[in-house]
Amino acid sequence: MNRNRLYNVNTRLVYGMRSIGKNRHAAQTFCAIMNLPPPPARFDREVFFINESLSEIAEASMRKAAMETVELNGNNRDICGAFDGSWQKRGIRH
């Protein structure tokens with residue numbers, strides 16, 4: 001399927017639903033409440049193209065950040081990184 005054949009409004013609906021963690025069923029409910037036509041029959045295909053596009057953008061962004069870091073480090077590729085993972089912790093700590 002060619003991306004050009006996807007309607008912008010459908011892509012935006014699917015992207016919005018996936019951004020808030022909702023699926024096809026939630027999109028159907030939303031469209032019904034708003035008195036809109038039902039979401040695209042091929043909801044999953046829209047999700048696939050959105051995920052593919054986001055992956056391409058993320059990879060390009062990370063590649064650019066890595067290249068900038070190497071340049072700032074005098075073209076030395078021996079770079080250390082520190083990650084604490086605190087963003088993953090939610091709610092009350094036990």
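**View 1. The salt bridge between glutamate 59 and arginine 63.** Glutamate 59 forms a salt bridge with arginine 63, with 4.0 Å between the closest N and O atoms, where a salt bridge is a side-chain nitrogen of Lys or Arg within 4 Å of a carboxyl oxygen of Asp or Glu. The model is predicted, so local features need pLDDT of at least 70 and side-chain atom pairs count only at pLDDT 80 or more, whereas totals for chains, interfaces and linings use all residues. Residues are numbered from 1 along each chain as its sequence is written, and side-chain values use heavy atoms, with hydrogens and water left out. By the salt-bridge rule the count comes to one. Both partners, glutamate 59 and arginine 63, lie in helix H3, four residues apart, which is about one turn of the helix; helices (H or I, at least four residues) are DSSP runs, numbered from the N terminus. Glutamate 59 counts as partly exposed because its relative accessibility is 46%, and arginine 63 counts as partly exposed at 49%, given that buried means under 20% relative accessible area, exposed over 50%, and partly exposed in between (1.4 Å probe, protein chains only).

**View 2. The aromatic pair of phenylalanine 48 and phenylalanine 49.** The structure holds one aromatic pair. Phenylalanine 48 and phenylalanine 49 form this pair in an edge-to-face arrangement, 5.4 Å centre to centre and with 65° between the planes; rings of Phe, Tyr and Trp (its six-membered ring) pair if their centres lie within 6.5 Å, and planes under 30 degrees apart count as stacked, over 60 as edge-to-face and the rest as tilted. Phenylalanine 48 counts as partly exposed, because its relative accessibility is 48%, whereas phenylalanine 49 is buried, with a relative accessible area of 10%.

**View 3. Helix H1 and its buried residues.** Helix H1 has 12 residues (residues 8–19), which should span 16 Å at 1.5 Å a residue, and its end C-alpha atoms are 16 Å apart, in agreement; the expected span is 1.5 Å times one less than the number of residues. The buried residues of H1 are Asn10, Leu13, Val14 and Met17. These residues cover an arc of only 95° around the axis, which puts them on the same side of H1, the arc being that of the directions from the helix axis to the C-beta atoms. What covers them includes helix H2 (24–33) and helix H3 (43–72). H1 is followed by glycine 21, whose phi is positive, near 80°.

**View 4. Asparagine 10 in helix H1.** Asparagine 10, found in helix H1, counts as buried because its relative accessibility is 18%. Leaving aside residues up to four places away in sequence, asparagine 10 touches Pro40 and Glu46, where contact means heavy atoms within 4.5 Å.

Methods:
Helix = DSSP H or I, 4+ residues; strand = E, 2+ residues; numbered from the N terminus.
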